[in-house]
Each structure stands twice: as structure tokens, then as C-alpha cells.
Amino acid sequence: MNMEISRRNFLKGAGAGVALTTLGAFGFGEAEAAFVEGLRPYKLAGTTETRNTCPYCSVACGVIIYSRGDLAQGTAEAMHLEGDVDHPTNRGTLCPKGAALLDFIKADTRLTTPKVRRPGSDRFEEISWDEALDAIARDMKKDRDANFIERNKDGVPVNRWTTTGFLAASATTNETAFLTYKAVRSTGIVAFDNQARV
């Protein structure tokens, strides 16, 4: 489609565009924002607000998850998600992956329980969180007892555990990262890294 436009019509359209942009710059564009902000409480009425951290990358953006149902009984269902404007990392903004986090939460393929593949088995089976944590603690203790190096060849205390590594999450606060570091190093683990570097 070939559209002919005269110089006069072009200047009229450009002038109208500049006028509307100027009105928006003077603050008249706030009317739409106020209208949208007025609808928000109705959409989120009766929901529970939960602050959390986006799990995707090492930036650790803050998110607010709104859910309906009883959190204590585990029947709550997330129905809205947005960036946390009070969070110092993202100040309410989210990347496209973070903005689509609600789909991640509701995905049919999302794991919600621990799974283990037993030796010799060809499939994973669900286990309880208590079983999973007990198995991890038991295996770590067994490996540490068998491979802990208390002193080097010169008799100097080194307290090293070199057969196990630890990969920490970076979506945490500085304080949590410091406590994680201290807890891992106190066991003697030497191979310690952070997800942000991987």
C-alpha cells in the first residue's frame, strides 16, 4: 500500500506528536498510571504476599508472589508475581525469564520432592525430605571419615577434606554467603565454589 502524504499533513502529525509528548512530560500521563494502580488492589484482594528470590541466575532479583489458599496447609496456589520494588538488587524490575517465573512455578515438569536413583536401578524414585537430608549427611560423614587429611607429610595441621566439593548458590545475601562459607570451610572442604562463577 502506497500512501501519499503532503508536507503540510506531515508537519501537522509531527506537531500533534510533539504536543502529546509534551503533555505527558508535564505529568498528564499519570492519569493512566493512577487508573491502573486503582485496579491493582481488586486483583490482589484476599491474596497472601510472599517475598522470595528469583532462582534463575546469580543476580538474585527480589520477587513478590501473590497466592490464594492456605500456606500453612500447603494448599496455596500462586496467581500473580511481580518484581519487588523494595529489593536493592532489581528495584522492582525483572528480566523476561523472571517475569515468566509464574510459568516456572506452575510447570508440570517442576520437581517438588527429592528423587534418588539407587545403585543398579534405571529410574529415579521419590523420597521424603528427611530421607534425602539424612542420606546426604550420612554419605558426607562416611566420605569425610575415610578421606580427611589432618596433617601434611611434615606433620603440620592442615585439616583438609579434598574428596568432596561444595557448590553454593549465589542468590543469597552477603550474610548468608558468609555463613555458608564458614560452615563449609569448617568441615575442611577445599573445593568450594559459587554458582555465579560457573
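**Salt bridges and their setting**

A: Glu125 and Arg118 are joined through their side chains in a salt bridge, with N and O 3.4 Å apart (a side-chain nitrogen of Lys or Arg within 4 Å of a carboxyl oxygen of Asp or Glu). The model is predicted, so local features need pLDDT of at least 70 and side-chain atom pairs count only at pLDDT 80 or more, while totals for chains, interfaces and linings use all residues. Residues are numbered from 1 along each chain as its sequence is written, and side-chain values use heavy atoms, leaving out hydrogens and water.

Both partners of this pair are partly exposed, because Glu125 has a relative accessibility of 28% and Arg118 one of 35% (buried is under 20% relative accessible area, exposed over 50%, partly exposed in between, with a 1.4 Å probe and protein chains only). In total, the structure holds six salt bridges.

Another of them connects Arg51 with Glu49, at 3.6 Å from N to O. Arg51, with a relative accessible area of 46%, is partly exposed, and Glu49 also counts as partly exposed, at 44%. These two residues belong to a network of salt bridges that also links Asp84 and Asp86.

Strand S2 (residues 62-68) pairs with S3 over six bridges in the antiparallel sense, and Ser67 stands opposite Ala78 in S3.

Lys141 pairs with Asp145, their closest N and O atoms being 2.7 Å apart. Both residues lie in H5, four residues apart, about one turn of the helix. An α-helix has 3.6 residues a turn, so residues three or four places apart point the same way. Lys141 and Asp145 are both exposed.

Asp130 is also located in helix H5, which covers residues 129-147. Asp130 is exposed, with a relative accessible area of 59%. From Pro114, Asp130 is 16 residues away in sequence and 9.6 Å away in space, C-alpha to C-alpha.

How values were computed
Helices (H or I, at least four residues) and strands (E, at least two) are DSSP runs, numbered from the N terminus. Two strands pair if DSSP finds at least two bridges between them.
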